[in-house]
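My entries below follow the order in which I looked things up.

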Amino acid sequence: ISLDKLPVRALDAIEENGVERYPHELSYDEKRVSLIRRIDFAWALWQWQSMVENLQLAHQELSVIIDLINTVEANDAVTVAGMTRPKPLPNEVLSDLAVSAATKLQCYRHLGKYFKQSAKALEQQIAREARFYGALIRLQQNWKVKRQRSNEGFTIDLFDNSLYDSARPSSLSVIHIEHDSAGMLAINLPSNSCHSLHFGFLGDSQKESMSDDESVKETHLLLREVHQSIFNDQVFDMVNREAFNQSAGVNVTGIRENYLQLSIGQGTSLFISLVPSSKPNRISCEIYLQQIVHEHAFIKGKDRGSGLLGHFSLSLAHRIFSNRVLMKLENVVCRVPYLHLMTHPTWHSRTSSWTIFMKVPQSILHVEKSQFRTKVVVNDDRINVEGEGAPNVVGLFKRSSEDICSVNKYDCDLADLPVIILQQVASQVIRWLHEEALMVGIKTNRDFLCLTFELEQGETVSLVAHVDPEDIQGCISWWLVMEDGEDWKLQMDRKFLGHLSLDVLYSTLMDLVSLCG
Amino acid sequence: MDSPAQNTSLQRLQNVEKRIVRVLDLAGGVMDELANPTGPRKEFINNHCREFMKMIKDIQVTLRDEIKSACEYRPFEKCDYSSRISNEICCRKLEYVLSQLEAMKQTVDEYQGEGTI
């Protein structure tokens with residue numbers, strides 16, 4: 001609740017007709033003056049009066065002096081002869097001295113304060129600048145720091161003028177060095193200005209413009225592929241888990257990345273593998289691209305011929321191709337237990353090289369060479385196979401393996417590669433068996449994939465190799481063929497021996513030898 | 001004087017700055033002492049002034065040395081931007097190889113961990 005003051009005023013008079021007369025209201029100043037008038041100044045009046053009289057006297061004297069000065073100034077005839085200062089009284093002297101001394105002390109104090117404040121401020125500024133310049137000097141060890149004449153600022157120049165001429169300096173080449181709020185060195189980059197190189201493989205995308213419908217179908221296709229791929233991964237995972245849980249009847253006989261080999265029941269062998277899209281790893285391609293651009297741009301004098309991108313795409317093509325070659329080799333090697341695959345680094349981006357080793361069991365007569373090599377070299381997309389033969393008997397006694405090996409060398413297609421390799425290996429096995437037979441004094445006839453023993457009465461028994469890269473039980477299998485050749489009547493008996501290990505082959509050979517002997 | 005730890009040019013120059021601060025401080029101290037109402041102490045003033053003069057001399061000597069040796073600096077003589085890129089590429093290669101080795105190790109561990117062949 002607020003109450004307004006009642007506007008009650010004392011009446012002065014009221015007339016007959018009812019009109020009210022109020023006393024005249026004083027303004028603020030009038031009120032003040034009336035209050036002042038009520039103060040009694042009588043006690044001060046006496047001192048006031050004497051001061052007024054003194055001032056009046058002083059005023060008179062000053063007027064006289066001023067008149068005199070004006071007259072002297074105006075009147076050339078009259079000059080000042082001399083002026084003496086009235087001799088100061090002792091107390092005046094002392095007070096002058098005291099004043100000047102006090103003033104000097106005050107000046108000293110001010111100076112002292114000024115110096116100390118300056119020292120403090122300078123100390124703080126030095127500390128701030130020490131951080132800034134310390135940072136700048138460290139940066140200067142690695143980067144080109146330039147000073148700007150215009151505003152005494154600094155910049156970092158990232159442009160390298162040793163790049164080839166077609167390179168333009170990007171807008172990022174000049175970085176401005178700034179101070180942050182604490183005075184420390186800071187650089188500000190506009191967001192999204194830094195790029196890193198990303199490299200990836202596109203699907204077989206349509207180059208021509210697609211209608212909405214086509215685009216949707218394309219996307220749908222991709223999604224289906226991914227969906228399918230996810231499901232395949234899950235299937236593979238499930239098989240892995242079940243297999244290693246040692247459920248009844250299933251044994252894991254081989255394992256590699258994304259590849260699982262199992263044996264089930266009585267000697268049935270199978271494998272499951274997740275086949276990648278045979279594209280090389282994208283990170284390594286990124287790195288390689290960066291490297292070859294750098295080598296070309298920064299280290300001049302390299303002659304690239306087909307240009308950087310040409311070289312890069314050839315390297316990439318080679319990489320993709322050699323991955324496929326490797327897959328084929330692996331498929332072959334993992335199905336033949338006595339073969340081993342070794343990869344050789346070539347340090348060349350368009351060449352790849354592998355060696356397939358076949359180790360044979362040691363025979364009674366110690367032979368120096370106990371393994372045969374088949375070398376596979378891929379240049380760009382040309383495959384070359386180089387297969388080692390077995391040593392001949394003469395070379396055996398020479399005990400030097402250098403010049404006694406015959407080498408088969410030939411180019412081949414990717415499609416034919418598995419068969420070629422298997423044939424090479426099988427022929428090496430035949431050669432080895434042939435040598436072993438000779439070692440025990442039995443003469444055999446060697447054909448490409450066939451070793452023939454002569455029995456009495458013109459009968460022959462042959463050990464025949466059969467190669468089949470698609471054979472999941474083992475790519476090299478063996479047949480025993482018995483021929484009664486005299487009558488030219490092709491009486492042939494064939495017995496399938498199966499996928500024999502080299503030890504079993506050797507003992508089979510010895511059995512045949514004893515047959516002949 | 002310079003201690004053995006201050007062996008870079010920047011550190012020596014920063015030391016000069018610190019000495020200037022000290023010199024200002026000394027001057028302030030002398031003024032304060034002169035403003036002493038009971039009169040300045042002679043020993044105090046002498047010590048401060050002696051130190052002041054010594055510091056000024058140190059500053060002069062250091063600055064002269066630094067100015068002389070500063071002439072030998074030639075900026076951007078050996079720009080290493082190119083080899084820097086080489087190194088970055090090498091680093092990436094190493095990272096990549098490490099990741100491959102890591103993956104191989106994982107495979108080996110899983111293989112051994114499962115206790116199969």
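Before reading the sheet I set my terms: two strands pair if DSSP finds at least two bridges between them, and helices (H or I, at least four residues) and strands (E, at least two) are DSSP runs numbered from the N terminus.

I noted that this is a predicted model, in which local features need pLDDT of at least 70 and side-chain atom pairs count only at pLDDT 80 or more, while totals for chains, interfaces and linings use all residues. Residues are numbered from 1 along each chain as its sequence is written, chains are lettered from A and ligands numbered from 1 in the order in which they are written, and side-chain values use heavy atoms, with hydrogens and water left out.

**Entry: the sheet**

I found in chain A an open sheet of 5 strands with antiparallel pairing, in the order 10-11-12-13-14. Strand 10 (339-344) and strand 14 (407-412) of chain A stand at the edges with a single partner strand each, so one side of each has no neighbour in the sheet. Neighbouring strands are turned by 20° against each other on average, direction ignored; for such angles, axes are lines fitted to C-alpha atoms, for helices over the stretch in contact, and values run from 0 to 180 degrees between N-to-C directions.

I then followed strand 10 of chain A to strand 11 (residues 351-359) of chain A, with which it pairs in the antiparallel sense over 6 bridges. There A:His344 has A:Ser353 of strand 11 as its bridge partner. Helix 8 (residues 417-439) of chain A packs on the sheet and touches strands 10, 11, 12 (371-379), 13 (382-388) and 14 of chain A, its direction making about 5° with that of strand 13. Contact here means heavy atoms within 4.5 Å.

**Entry: confidence**

I checked pLDDT, the predictor's confidence in each residue, from 0 to 100. Chain A has a mean of 77, with 72% of its residues at 70 or more. Among its elements, strand 10 of chain A has the highest mean pLDDT (94) and helix 7 (residues 393-398) of chain A the lowest (45). Where pLDDT is low, the predicted coordinates should not be read in detail.

**Entry: chain B against chain A**

I counted 34 residues of chain B in contact with 42 residues of chain A. Between these chains there is 1 salt bridge, a side-chain nitrogen of Lys or Arg within 4 Å of a carboxyl oxygen of Asp or Glu. B:Asp32 forms a salt bridge with A:Lys116, with the closest N and O atoms 3.4 Å apart. Helix 1 (9-34) and helix 3 (81-114) of chain B each supply at least two residues of the side that touches chain A, and helix 1 of chain B gives the most, with 14 residues.
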